[in-house]
Amino acid sequence: MAQLTSPVLQALGRFNDRHPWSHNDAYSGWIVYQARRVHNRGGSRALDVGCGTGHLVERLSRELSDVRGIEPDPASVEAARYNTRELRNVVISRSTWAEVRDTPYDLITFVAVLHHLPLQETLRRASLLVAPGGRLVIVGVARETARDIPLSLISTLLNPLVGLALHPRPAVRLPAHMRSPIQPPTETYAEVKAVARRVLPGVTLRRSLFWRYTAVWTAPPSSSQVRRPVFRSRLRRATG
(Lines give C-alpha, C1' and ligand atoms only; values in the text may rest on other atoms or scores of the structure.)
Protein backbone atom coordinates (compact mmCIF):
# COMPACT_ATOMS: atom_id res chain seq x y z
CA MET A 1 0.00 0.00 0.00
CA ALA A 2 2.82 2.40 0.91
CA GLN A 3 4.51 1.72 -2.43
CA LEU A 4 1.28 2.63 -4.23
CA THR A 5 0.46 5.73 -2.24
CA SER A 6 3.97 7.17 -1.87
CA PRO A 7 4.37 8.17 -5.57
CA VAL A 8 0.86 9.65 -5.49
CA LEU A 9 1.66 11.73 -2.42
CA GLN A 10 4.96 12.82 -3.95
CA ALA A 11 3.17 13.91 -7.12
CA LEU A 12 0.60 15.81 -5.06
CA GLY A 13 3.44 17.47 -3.16
CA ARG A 14 5.10 18.64 -6.39
CA PHE A 15 1.76 19.95 -7.67
CA ASN A 16 1.07 21.79 -4.43
CA ASP A 17 4.52 23.39 -4.60
CA ARG A 18 3.62 24.80 -8.02
CA HIS A 19 0.26 26.11 -6.81
CA PRO A 20 0.86 27.18 -3.20
CA TRP A 21 -1.74 28.80 -1.02
CA SER A 22 -1.97 29.58 2.68
CA HIS A 23 -4.22 27.23 4.63
CA ASN A 24 -4.60 30.01 7.20
CA ASP A 25 -6.29 32.19 4.58
CA ALA A 26 -9.11 29.65 4.40
CA TYR A 27 -10.16 30.86 7.85
CA SER A 28 -9.80 34.62 7.33
CA GLY A 29 -13.49 35.08 6.58
CA TRP A 30 -14.46 33.20 9.72
CA ILE A 31 -12.12 35.33 11.83
CA VAL A 32 -13.51 38.52 10.28
CA TYR A 33 -16.99 37.29 11.22
CA GLN A 34 -15.80 36.99 14.83
CA ALA A 35 -14.38 40.52 14.62
CA ARG A 36 -17.69 41.80 13.31
CA ARG A 37 -19.51 40.29 16.28
CA VAL A 38 -17.01 41.97 18.60
CA HIS A 39 -17.62 45.27 16.83
CA ASN A 40 -21.38 44.87 17.18
CA ARG A 41 -20.91 44.61 20.94
CA GLY A 42 -18.99 47.90 20.97
CA GLY A 43 -15.46 46.49 20.75
CA SER A 44 -12.74 48.37 18.92
CA ARG A 45 -9.27 47.01 19.84
CA ALA A 46 -7.70 43.91 18.28
CA LEU A 47 -4.37 42.15 18.64
CA ASP A 48 -3.15 39.66 16.04
CA VAL A 49 -0.36 37.57 17.58
CA GLY A 50 2.19 36.44 15.00
CA CYS A 51 0.69 38.62 12.27
CA GLY A 52 3.12 37.53 9.55
CA THR A 53 2.93 39.85 6.56
CA GLY A 54 -0.24 41.54 7.78
CA HIS A 55 -2.95 39.93 5.65
CA LEU A 56 -5.31 39.31 8.56
CA VAL A 57 -4.46 42.64 10.20
CA GLU A 58 -5.53 44.43 7.03
CA ARG A 59 -8.88 42.64 7.03
CA LEU A 60 -9.46 43.23 10.74
CA SER A 61 -8.82 46.95 10.24
CA ARG A 62 -12.01 47.14 8.17
CA GLU A 63 -14.04 45.97 11.17
CA LEU A 64 -12.28 47.48 14.19
CA SER A 65 -10.83 50.95 14.71
CA ASP A 66 -7.62 50.01 16.56
CA VAL A 67 -5.68 46.98 15.31
CA ARG A 68 -2.21 45.89 16.36
CA GLY A 69 -0.11 43.11 14.91
CA ILE A 70 2.97 41.67 16.57
CA GLU A 71 5.55 39.53 14.79
CA PRO A 72 9.11 38.53 15.79
CA ASP A 73 10.38 37.78 12.26
CA PRO A 74 12.09 40.92 10.84
CA ALA A 75 11.31 40.20 7.17
CA SER A 76 7.65 39.57 7.94
CA VAL A 77 7.42 42.76 9.99
CA GLU A 78 8.87 44.78 7.14
CA ALA A 79 6.38 43.25 4.71
CA ALA A 80 3.46 43.78 7.12
CA ARG A 81 4.34 47.42 7.61
CA TYR A 82 4.55 47.91 3.87
CA ASN A 83 1.25 46.13 3.24
CA THR A 84 -0.57 48.22 5.85
CA ARG A 85 1.28 51.52 5.29
CA GLU A 86 -1.89 53.40 4.30
CA LEU A 87 -3.97 52.17 7.24
CA ARG A 88 -3.94 54.71 10.05
CA ASN A 89 -5.71 52.41 12.50
CA VAL A 90 -3.00 49.72 12.28
CA VAL A 91 0.26 49.36 14.20
CA ILE A 92 2.76 46.60 13.42
CA SER A 93 5.39 45.86 16.07
CA ARG A 94 8.44 43.65 15.94
CA SER A 95 7.85 41.97 19.26
CA THR A 96 6.89 38.70 20.88
CA TRP A 97 3.87 37.57 22.84
CA ALA A 98 5.91 37.83 26.04
CA GLU A 99 6.43 41.54 25.37
CA VAL A 100 2.74 42.39 25.03
CA ARG A 101 1.65 44.82 27.71
CA ASP A 102 -1.16 43.95 30.07
CA THR A 103 -3.69 46.05 28.17
CA PRO A 104 -7.17 44.66 27.45
CA TYR A 105 -8.18 43.87 23.88
CA ASP A 106 -11.66 43.23 22.56
CA LEU A 107 -10.28 40.63 20.15
CA ILE A 108 -7.09 38.56 20.32
CA THR A 109 -6.25 36.21 17.46
CA PHE A 110 -3.70 33.41 17.20
CA VAL A 111 -3.46 31.95 13.69
CA ALA A 112 -1.07 28.97 13.38
CA VAL A 113 0.92 30.51 16.24
CA LEU A 114 -0.22 28.84 19.45
CA HIS A 115 1.91 25.72 18.90
CA HIS A 116 5.02 27.95 18.97
CA LEU A 117 4.17 29.00 22.55
CA PRO A 118 3.66 27.30 25.93
CA LEU A 119 0.05 26.20 25.61
CA GLN A 120 -1.41 26.52 29.12
CA GLU A 121 0.54 29.63 30.09
CA THR A 122 -0.36 31.38 26.82
CA LEU A 123 -4.07 30.59 27.07
CA ARG A 124 -4.20 31.71 30.69
CA ARG A 125 -2.50 35.03 29.95
CA ALA A 126 -4.61 35.59 26.85
CA SER A 127 -7.78 35.07 28.90
CA LEU A 128 -6.64 37.87 31.22
CA LEU A 129 -5.97 40.23 28.32
CA VAL A 130 -9.37 39.81 26.65
CA ALA A 131 -11.70 42.62 27.73
CA PRO A 132 -15.07 41.64 29.29
CA GLY A 133 -17.35 40.40 26.53
CA GLY A 134 -14.43 40.25 24.08
CA ARG A 135 -13.21 37.20 22.19
CA LEU A 136 -10.15 35.00 21.93
CA VAL A 137 -10.06 33.41 18.46
CA ILE A 138 -7.63 30.64 17.56
CA VAL A 139 -6.84 28.83 14.34
CA GLY A 140 -4.39 26.21 15.49
CA VAL A 141 -2.22 23.35 14.29
CA ALA A 142 -1.98 20.10 16.24
CA ARG A 143 0.05 16.93 15.97
CA GLU A 144 -1.99 14.40 14.00
CA THR A 145 -3.26 11.12 15.37
CA ALA A 146 -5.34 8.30 13.92
CA ARG A 147 -8.52 10.26 14.71
CA ASP A 148 -7.39 13.00 12.34
CA ILE A 149 -6.98 10.71 9.33
CA PRO A 150 -10.45 11.25 7.76
CA LEU A 151 -10.15 15.06 7.73
CA SER A 152 -6.52 14.79 6.67
CA LEU A 153 -7.45 12.66 3.65
CA ILE A 154 -10.19 15.09 2.63
CA SER A 155 -7.77 17.99 3.02
CA THR A 156 -5.14 16.18 0.96
CA LEU A 157 -7.63 15.78 -1.90
CA LEU A 158 -9.00 19.32 -1.68
CA ASN A 159 -5.65 21.06 -1.30
CA PRO A 160 -4.51 20.85 -4.96
CA LEU A 161 -7.96 21.82 -6.20
CA VAL A 162 -8.00 24.97 -4.10
CA GLY A 163 -4.41 25.75 -5.07
CA LEU A 164 -5.22 25.42 -8.75
CA ALA A 165 -8.33 27.58 -8.41
CA LEU A 166 -6.51 30.34 -6.52
CA HIS A 167 -3.24 30.23 -8.44
CA PRO A 168 -3.72 28.60 -11.86
CA ARG A 169 -0.30 29.75 -13.04
CA PRO A 170 2.63 27.76 -11.56
CA ALA A 171 4.55 29.73 -8.94
CA VAL A 172 8.27 30.30 -9.14
CA ARG A 173 8.62 30.59 -5.36
CA LEU A 174 6.45 30.62 -2.24
CA PRO A 175 4.45 33.81 -1.65
CA ALA A 176 5.93 36.16 0.96
CA HIS A 177 3.22 35.37 3.51
CA MET A 178 4.21 31.69 3.42
CA ARG A 179 7.93 32.14 4.16
CA SER A 180 7.76 32.76 7.90
CA PRO A 181 9.68 30.34 10.14
CA ILE A 182 7.61 27.32 11.15
CA GLN A 183 7.91 24.44 13.58
CA PRO A 184 5.87 21.25 13.88
CA PRO A 185 3.26 21.03 16.66
CA THR A 186 3.93 18.81 19.66
CA GLU A 187 0.45 18.65 21.25
CA THR A 188 -2.38 16.62 19.75
CA TYR A 189 -5.83 18.10 19.29
CA ALA A 190 -7.07 16.09 22.28
CA GLU A 191 -4.31 17.55 24.45
CA VAL A 192 -5.04 21.10 23.27
CA LYS A 193 -8.74 20.57 23.89
CA ALA A 194 -8.18 19.32 27.44
CA VAL A 195 -5.99 22.29 28.37
CA ALA A 196 -8.24 24.83 26.67
CA ARG A 197 -11.37 23.55 28.42
CA ARG A 198 -9.60 23.71 31.76
CA VAL A 199 -8.23 27.24 31.27
CA LEU A 200 -11.09 28.71 29.22
CA PRO A 201 -14.46 27.55 30.59
CA GLY A 202 -17.07 27.57 27.84
CA VAL A 203 -14.56 27.54 24.98
CA THR A 204 -15.76 26.07 21.67
CA LEU A 205 -13.27 23.91 19.77
CA ARG A 206 -13.64 22.10 16.47
CA ARG A 207 -11.41 20.01 14.23
CA SER A 208 -11.32 21.58 10.78
CA LEU A 209 -10.03 21.07 7.27
CA PHE A 210 -6.51 21.78 6.01
CA TRP A 211 -4.81 20.49 9.15
CA ARG A 212 -6.29 23.14 11.43
CA TYR A 213 -8.58 23.36 14.42
CA THR A 214 -10.58 26.38 15.57
CA ALA A 215 -11.35 27.71 19.02
CA VAL A 216 -13.45 30.64 20.24
CA TRP A 217 -13.75 31.86 23.79
CA THR A 218 -15.83 34.81 24.96
CA ALA A 219 -14.67 36.55 28.12
CA PRO A 220 -17.34 36.86 30.83
CA PRO A 221 -19.10 40.24 30.73
CA SER A 222 -18.46 42.80 33.43
CA SER A 223 -20.97 43.30 36.22
CA SER A 224 -22.34 46.43 34.54
CA GLN A 225 -22.84 44.49 31.29
CA VAL A 226 -24.71 41.79 33.18
CA ARG A 227 -27.02 44.19 35.02
CA ARG A 228 -28.04 46.21 31.98
CA PRO A 229 -30.34 43.59 30.36
CA VAL A 230 -31.99 42.90 33.75
CA PHE A 231 -32.79 46.59 34.17
CA ARG A 232 -34.26 46.76 30.69
CA SER A 233 -36.44 43.71 31.23
CA ARG A 234 -37.80 45.16 34.47
CA LEU A 235 -38.43 48.46 32.72
CA ARG A 236 -40.39 46.68 29.96
CA ARG A 237 -42.50 44.87 32.57
CA ALA A 238 -43.18 48.10 34.44
CA THR A 239 -44.22 50.00 31.32
CA GLY A 240 -45.95 47.08 29.59
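**Surface and aromatic features of the predicted model**

L161 is exposed, with a relative accessible area of 55%, a value that places this residue in the exposed class because the class begins over 50%. The model described here is predicted. Within it, L161 belongs to helix α6, which covers residues 149-166. Together with I154 and L158, L161 makes a nonpolar surface patch of about 250 Å².

The protein chain as a whole contains 8 helices and 7 strands. Of its 240 residues, 40% are buried. The accessible surface of the chain amounts to about 14,000 Å², and carbon and sulfur atoms contribute 56% of that area. Among the contacts in the chain with a separation of 6 or more, 74% are made by residues 24 or more positions apart.

Aromatic side chains were examined next. The structure holds 3 aromatic pairs. One of them is formed by W97 and F110, whose arrangement is edge-to-face, with 5.2 Å centre to centre and 70 degrees between the planes. The angle falls in the edge-to-face class because that class takes planes over 60 degrees apart. This pair links distant parts of the chain: W97 lies in the loop between β3 (90-93) and β4 (105-111), whereas F110 lies in strand β4, and the two are 13 residues apart. Both W97 and F110 are buried.

Another pair consists of F210 and W211, with ring centres 6.5 Å apart and planes at 55 degrees, so the pair is tilted.

R125 lies over the face of W97, at 5.0 Å from the ring centre. W97 therefore has R125 over its face and also takes part in the edge-to-face pair with F110, within the 6 Å and 6.5 Å limits that apply to a charge over a ring and to a ring pair. A further case is R45, which lies over the face of Y105, at 4.4 Å from the ring centre.

Notes:
Residues are numbered from 1 along each chain as its sequence is written. This is a predicted model: local features need pLDDT of at least 70, side-chain atom pairs count only at pLDDT 80 or more; totals for chains, interfaces and linings use all residues. Side-chain values use heavy atoms; hydrogens and water are left out. Helices (H or I, at least four residues) and strands (E, at least two) are DSSP runs, numbered from the N terminus. Buried means under 20% relative accessible area, exposed over 50%, partly exposed in between (1.4 Å probe, protein chains only). Contact means heavy atoms within 4.5 Å. Accessible areas come from the Shrake-Rupley method with a 1.4 Å probe; for residues, only the protein chains shown count as cover. Patches are made of residues with over 30% relative accessible area and no salt bridge: like charges are joined within 9 Å, nonpolar side chains (Val, Leu, Ile, Met, Phe, Trp, Tyr) within 5 Å. A salt bridge is a side-chain nitrogen of Lys or Arg within 4 Å of a carboxyl oxygen of Asp or Glu. Rings of Phe, Tyr and Trp (its six-membered ring) pair if their centres lie within 6.5 Å; planes under 30 degrees apart count as stacked, over 60 as edge-to-face and the rest as tilted. A charge sits over a ring if NZ of Lys or CZ of Arg is within 6 Å of the ring centre and within 35 degrees of the ring normal.
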